[in-house]
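This report covers pockets, a cavity and a surface patch. Please look at the structure first.

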Amino acid sequence: MDLIKRVLRRCAKYKWLIIGGIGLALLMNVSRLIMPQLTGTIVDDVIKGETRNLDLLFKICAMILGLAFVRSASHYVRNICFEKASQGFVFDLRTELYDHMQEMPYEFYDKNRIGEIMSRMTGDIDGLRNFVAGGILTIIENTIWFFGSVGFLFALNAKLTFLLLAMAPLVAFFAYLFSKKVRPAHRLLREQNAVLNTRAQENISGVRVVKAFAREDYEQKRFDEDNMKTYDLQMNWVTLWATYFPLLDFVASMCTPLVIAFGGYMVVNGTMTLGDLVAFNGYIWMVNAPMRSLGNIVNMITNTQTSAEKLFYYLDLGPSIKNKEKAKKVDTIRGDVEFRNVNFSYGDEQVLTDINFSAPAGSTVALMGLTGSGKTSIVNLISRFYDVPEGCGEVLVDGVNVKDYDYKSLRRNVGYVAQETFLFSETAANNIAFGDPKASMDDIRRAARIAQADEFIDHMPDGYDTIVGERGMGLSGGQKQRVAIARAILYNPRILVMDDSTSAVDMETEFEIQKQLKAELGKRTTFIIAHRISSVKNADLILVMDKGRIVERGKHDELLKMNGVYAGMYYEQYKDFDKVGD
């Protein structure tokens, strides 16, 4: 029950709403508990009474009407209290979880699928909301009904009450068996729902690739397999419910004929009044209802535990990249970057080995090599998207280990044009100004002109106010890259990382971008990852990577003279040209 306790502790902020709702629920249910007593009084003192006291009848009817009004008003306010508390609880939890996800490093998203995370942030959070909004109330009301009615029953007839309660252990036994089976079944169902959501999310996001390779049938088959697993698990859960709930209902229903039989016998023998039997029978449903609801309560608690389990797992999984206690905050940096004996791995896979180089402020460093040679891993370490493990070297910016910086202030000085361009479903202007929302329209246009994006944006239906579509689907690959470059330029960082950022741009446009960027790059330290020699030939330092190691370093002309890996790339790219200009 630790998970349930943890959920309840998170409700502390709304304790007065919950306490108020509980108080109203108590008032409402006490009014219900009085009703059978009033009914019994009518039978004994009005209907069977010798005087036929109509005044008493009218008074009791007025009391019943008043109690009905109290119940209705209490019911309304009670629901408002619990709903407001549950919505506030969900708002806080969703905000905390979203903020937490923003703090998680790349490593977390390498290991956890987006579809599963979305499933947790929707279905599981809603499961917890249902518990706060109705579950707590259900447990409290059933507790009041059971123990309150048992108290009145003992006052009416202790022998008959003991007979009635003889069914309770049997109900508890079946509820225990149900809880032992339903929780693992429900956990498997929630996990499979997350898998199904992930499958759908990936397929819809990659629908263009699916269609391009005519793999609709294959993806449909995979989805059908996951859908069938979900169906089977759902039916398993339903079967458990369909098996145990009727048992609980049947055992609880046995109470009524037992009470009527034995109570009727006692009335005939004169050991119990008819009014007491009528009142006793009125309390039976208040004892029965909690016993009948025990299956629902077990299922609700199981659902809450299953939902809370994964959500709290995410919240407890703190970010692996954290600021030190007295992390250094900086407004601006010079831009000196140095790698000293850096070794880095993803899990058991070594991706960088003995990386050493220096990039003075304002210089341009290019990284070349085959896919998977470690180029992107190097630039990811500068912004602390990943951290170098202790004892595996260090990355320094302005002579300070990046781990000693406040990582947000560090990242504000590093602009990043990622290998996989991501644009938001926003206007072109807002995408460019993402890093600087207060930028003027003139600044946005200037950044777009440098990135050679101004011309095609102006030709779009609404110009800079055109919505580019989810993930920038309304643009070509080259256009998306140019918007991403403009976004990084407007950000005005001291260190600029361009990870294969012109791979989808034609060579003529790339030449124009480089020409426009030349003045810009001189102001900042720039890291260029590229496969084209034309993108890197003017760099101050070119690092050639192979299997996580720097195998060659130098300027363009120096590397050509080495006649090594870089020269091989150069001649391979320009072998079809009779003459290559400078």
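Helices (H or I, at least four residues) and strands (E, at least two) are DSSP runs, numbered from the N terminus. V238 is found in helix 9 (residues 216-253). This is a predicted model, where local features need pLDDT of at least 70, side-chain atom pairs count only at pLDDT 80 or more, and totals for chains, interfaces and linings use all residues. Residues are numbered from 1 along each chain as its sequence is written, and side-chain values use heavy atoms, without hydrogens and water.

V238 counts as partly exposed because its relative accessibility is 31% (buried is under 20%, exposed over 50%, partly exposed in between; 1.4 Å probe, protein chains only). With M228, Y231 and M235, V238 makes a nonpolar surface patch of about 360 Å².

On a 1 Å grid over the protein atoms alone, a cavity is a set of points where a 1.4 Å probe fits but cannot get out; a pocket is an open set with protein on both sides within 12 Å along at least five of seven lines; lining residues have an atom within 4 Å of a point.

| Space | Volume |
|---|---|
| Second largest pocket | about 710 Å³ |
| Largest cavity | about 40 Å³ |

The second largest pocket has 30 lining residues; Q514, K515, S534, S535 and N538 lie nearest its centre. Helix 18 (507-521), strand 8 (525-529) and helix 19 (533-536) each give two or more residues to this lining. Helix 18 gives the largest share, 10 residues.

Notes
Grid points are joined across faces, edges and corners, and a volume is the space filled by probe spheres set on the points. Patches are made of residues with over 30% relative accessible area and no salt bridge: like charges are joined within 9 Å, nonpolar side chains (Val, Leu, Ile, Met, Phe, Trp, Tyr) within 5 Å. Accessible areas come from the Shrake-Rupley method with a 1.4 Å probe; for residues, only the protein chains shown count as cover. A salt bridge is a side-chain nitrogen of Lys or Arg within 4 Å of a carboxyl oxygen of Asp or Glu.
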